Amino acid sequence: MARRTDRARICVGIGLLIAAQIAHGGAQVEEPLANSVRSGLSAAVLDAAPPRPSFESIDDRLQYLRWLGEMSERLKGRKSEHATRVEFLETLWYESRRAGLEPELVLGLIQVESGFRKYAVSRAGAIGYMQVMPFWSWLIGDGDAARLFHMQANLRFGCVILRHYLDMERGDLFLALGRYNGSRGRPEYPDAVFAARRLWLRADKAAAAAAASAPALAR
């Protein structure tokens, strides 16, 4: 009972802290899930493996380190502490790759959804960096929505949910992003994420992305 009381006090404190940090992103719509789908998503979010990248070659590791250094420099204006930036980017890279997503796409989504605010809450109640709706913690998590304020939990839920929507839409990233935002079929949100993604691409990928159409990102 004492533990529950402490958790409630923490949640109230967090709520007061973030009252002025309302996010303006949309929100996923709760939909029925087949038991097999729910089980698969549950396994994906409850796996507690730590974000420790592994590489098949030295070149792969060097490429990752270059990415990490460049993204850290770009993120400096939003996260001033070096250690905090690196931890965030390491976790984002791990969770996005784990879900089969492009890290720059996830960075773009976070920029649009929460502006990289860990404790952002939308008017619809979506939580954290990737603006995950609390109902997901009951559908595929342990029921504790407060965990969505935890960085790795939020990134993992968000990436797993986006992967789920991408699979539902048979690789159509435009529709998957719309479903993630609760605005499926409308162009405003996917277009905003695609534009933000381009800002996070490294120079060696930006030129190719400028000529590519949005649906090509899902291939």
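When I speak of the accessible area of this chain, I mean a value from the Shrake-Rupley method with a 1.4 Å probe. On that basis the chain exposes about 11,400 Å², and carbon and sulfur atoms supply 54% of that area. Please keep in mind throughout that this is a predicted model.

Let me begin with the overall layout. The chain holds 10 helices and two strands, and from the N terminus on, the elements run α-β-α-α-α-α-β-α-α-α-α-α. Of the 219 residues in the chain, 45% are buried. If we take the contacts with a separation of 6 or more, 62% of them are between residues 24 or more positions apart.

Now to the way helices pack. Two packed helices are described by the angle between their axes and the distance between the axes. On the H2 side we find Val37, Leu41, Ala44 and Val45, which meet Arg156, Phe157, Val160 and His164 in H7. Sorted by class, this contact of H2 with H7 has six nonpolar residues, one polar and one charged.

What is alanine 44 in contact with, leaving aside its neighbours within four places in sequence? The partners are Arg98, Arg156 and Val160. Alanine 44 and valine 160 lie 116 residues apart in sequence, and yet their C-alpha atoms are 7.0 Å apart in space. Alanine 44 counts as partly exposed, because its relative accessible area is 22% and buried means under 20%.

The second pair is helix H4, residues 82-98, with helix H5, residues 103-113. H4 and H5 pack at an angle of about 115°, with their axes 9 Å apart, and H4 passes H5 in a right-handed crossing. From H4 the contact takes in Phe88, Leu89, Leu92, Trp93, Ser96 and Arg97, while H5 contributes Pro103, Val106, Leu107 and Ile110. The residues of this contact of H4 with H5 divide into eight nonpolar, one polar and one charged.

Staying with H5, why can we call this helix largely enclosed by the rest of the structure? The reason is that nine of the 11 residues of H5 are buried.

After the helix comes glycine 115, whose phi is positive, near 65°. Phenylalanine 116, in the loop between H5 and strand E2 at 121-122, also has a positive phi, near 65°, although this residue is not a glycine. Most residues other than glycine have a negative phi. Phenylalanine 116 counts as buried, since its relative accessibility is 3%. Arginine 170 likewise has a positive phi, of about 55°, without being a glycine, and its place is in the loop between H7 and helix H8, residues 173-181. At 82% relative accessibility, arginine 170 counts as exposed.

I will finish with the salt bridges, of which the count comes to 11. Arginine 197 and glutamate 102 meet through their side chains at 2.5 Å, N to O. This pair links distant parts of the chain, with arginine 197 in helix H9, residues 188-200, and glutamate 102 in the loop between H4 and H5, 95 residues apart. Which of the two is buried and which partly exposed? Arginine 197 is buried, with a relative accessible area of 7%, whereas glutamate 102, at 22%, is partly exposed.

Another salt bridge joins the side chains of glutamate 73 and lysine 76 at 3.3 Å, N to O, and lysine 76, at 39% relative accessibility, counts as partly exposed. In a further salt bridge the side chains of arginine 147 and aspartate 142 meet at 4.0 Å, N to O. Here arginine 147 is partly exposed, with a relative accessible area of 30%, and aspartate 142, at 48%, also counts as partly exposed. Finally, Glu31, Glu169, Arg179 and Arg184 are linked in a network of salt bridges.

How values were computed: Residues numbered from 1 in each chain as written. Predicted model: local features only at pLDDT ≥ 70, side-chain atom pairs only at ≥ 80, totals over all residues. Heavy atoms only, no water. Contact = heavy atoms within 4.5 Å. Helix = DSSP H or I, 4+ residues; strand = E, 2+ residues; numbered from the N terminus. Nonpolar A, V, L, I, M, F, W, Y, C, P; charged D, E, K, R; others polar. Buried < 20%, exposed > 50% of the residue type's maximum accessible area, 1.4 Å probe, protein only. Axes fitted to C-alpha atoms, helices over the stretch in contact; angles between N-to-C directions. Left-handed = near helix turned anticlockwise from the far one by under 90°.
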